[in-house]
Amino acid sequence: MKCDRFGRLALRAGVVLAGFCITAAAVAQTVQTVPGMPPVSNANDMYSNAGANMFSPAVAGALQRIYVPNLRSDDVYVIDPTTFKVVDKFPVGRSPQHVVPSWDLKTLWVTNNAEGRKDGSLTPIDPMTGKPGNADPVDDPYNMYFTPDGKEAIVVAEAFARLDFRDPHTMALKSRLSAPECKGINHADFSIDGKYAIFTCEFTGKLVKIDMLNRKVMGYLALSKRGMPQDIRVSPDGKVFYVADMMADGVYLIDGDSFKQIGFLKTGVGTHGLYPSRDATKLYVANRGSNKVHGPRNGPGSVSVIDFATRKVVANWPIPGGGSPDMGNVTADGKWLWLSGRFDDVVYAFDTATGKVKIIKVGMEPHGLAVWPQPGRFSLGHTGIMR
């Protein structure tokens, strides 16, 4: 039986009907994406174009690096993941929070939100050289995403409960959308077709659903435990959004279309970051080891592993001596999970086969680190939501 490239991917995901391969065109027809968004190749696995080492030509020549923004030392450390050593560091703007791959994969943006001040900025990094360029002044860029068609950047102005839509290259402001009931708006993920996004509201214990076509708030959802929702990531089939809650020590399961809570999984203390494995069968959950915004060193931090198929926790990886795993991502080959150690001034590299961890010293209070390059055709933002 002969299959084209997309057909082989579909077979791996179990998308077979009556023994026949599904063509790329047939699979793509199952999801009607918003105008300008690349087609979904496999309706059962929206991550099928971001599998291990499935690089876009756009990242050819990019240095293999880990970029670590350090919130309190206002700098970025650069690590060579093949040697696990810091090979560079440079100053950026005040309070760098995340390193965000652009939609076209050609720039890494450091979001310097200057907590409580008015001198926020975005520092571009050239992934071919690993060096920063001149920063653009931008109001409160706590985090950043991109519209599914890549035409606009979405700067998350956390302090103002607002999304600022900007030119994705010049960062010139184009429009704004307020979400007044979403205090502490910060992390997001998008529906499989790009029609809506769900953002977490850290300080009101809610989620907000945004209509991406009409740019309006569709509604709010109060989470059952009313804690502090953090990261959010959608299942491969696009049906369930997983929401980390650092106060509830676990993950909510949300039906995205109906916008209703359908479950909750206990994981570990201070649940925070969420990252799918490269084969899209597992979800890695970073548990920061504290329920406090500013926690202690050497807390009971860990990583939990959720099986997407069964929606159950299948493993827990502790950090010997304690720690505070926070935000990061998975290497292109899927063999390492890199996470910042928020309260311990280190980063962690977890072997995804064994759960064993390597620890590297970095600057003060590392936050949303980026692994680069990553597989995929485009980035929807944060530390690399790749599709």
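On a 1 Å grid over the protein atoms alone, a cavity is a set of points where a 1.4 Å probe fits but cannot get out, a pocket is an open set with protein on both sides within 12 Å along at least five of seven lines, and lining residues have an atom within 4 Å of a point. The structure described here is a predicted model, in which local features need pLDDT of at least 70 and side-chain atom pairs count only at pLDDT 80 or more, while totals for chains, interfaces and linings use all residues. Residues are numbered from 1 along each chain as its sequence is written, and side-chain values use heavy atoms, with hydrogens and water left out.

## Cavities and a pocket

Two cavities of 30 Å³ or more are found in the structure, where a volume is the space filled by probe spheres set on the grid points, which are joined across faces, edges and corners. Their linings are divided by class, with Ala, Val, Leu, Ile, Met, Phe, Trp, Tyr, Cys and Pro counted as nonpolar, Asp, Glu, Lys and Arg as charged, and the others, Gly among them, as polar.

| Space | Volume | Lining by class |
|---|---|---|
| Largest cavity | about 110 Å³ | six nonpolar, four polar, two charged residues |
| Second largest cavity | about 40 Å³ | six nonpolar, no polar, two charged residues |
| Second largest pocket | about 370 Å³ | eight nonpolar, seven polar, nine charged residues |

The second largest cavity is lined by Met37, Pro38, Pro39, Val40, Met46, Ile192, Arg377 and Arg387. Among the residues that line the largest cavity are Tyr47, Ala50, Arg233, Pro276, Ser277 and Arg278. Of these, Ser277 lies in the loop between strand S21 (271-276) and strand S22 (282-287), strands being DSSP runs (E, at least two residues) numbered from the N terminus. With a relative accessibility of 7%, Ser277 counts as buried, a word that here means under 20% relative accessible area with a 1.4 Å probe and protein chains only, whereas exposed means over 50% and partly exposed lies in between. Ser277 is 199 residues away from Val78 in sequence, and the two are 23 Å apart in space, C-alpha to C-alpha.

The second largest pocket has 24 lining residues, and those closest to its centre are Gln97, Glu115, Tyr142, Glu158 and Phe203.

## An antiparallel sheet

Four strands, in the order S9-S10-S11-S12, form an open sheet with antiparallel pairing, two strands being paired if DSSP finds at least two bridges between them. Strand S9 (143-146) and S12 are the edge strands, each of which pairs on one side only. On average, neighbouring strands of this sheet are turned by 25° against each other, direction ignored; the axes are lines fitted to C-alpha atoms, and angles run from 0 to 180 degrees between N-to-C directions. S9 and strand S10 (residues 153-157) run antiparallel and are joined by four bridges, and Met144 stands opposite Val155 in S10.

## The disulfide

A disulfide is a covalent bond between the sulfur atoms of two cysteines, and it is counted here as a pair of cysteine sulfur atoms within 2.5 Å. By this rule there is one disulfide, formed by Cys182 and Cys201 with their sulfur atoms 2.1 Å apart. Because the torsion about the S-S bond of Cys182 and Cys201 is about -100°, this disulfide is left-handed. Cys182 lies in the loop between strand S12 (173-178) and strand S13 (185-190), and Cys201 in strand S14 (residues 196-201), so the pair ties together parts that are 19 residues apart in sequence. Cys182 is buried at 0% relative accessibility, and Cys201 is buried with a relative accessible area of 0%.
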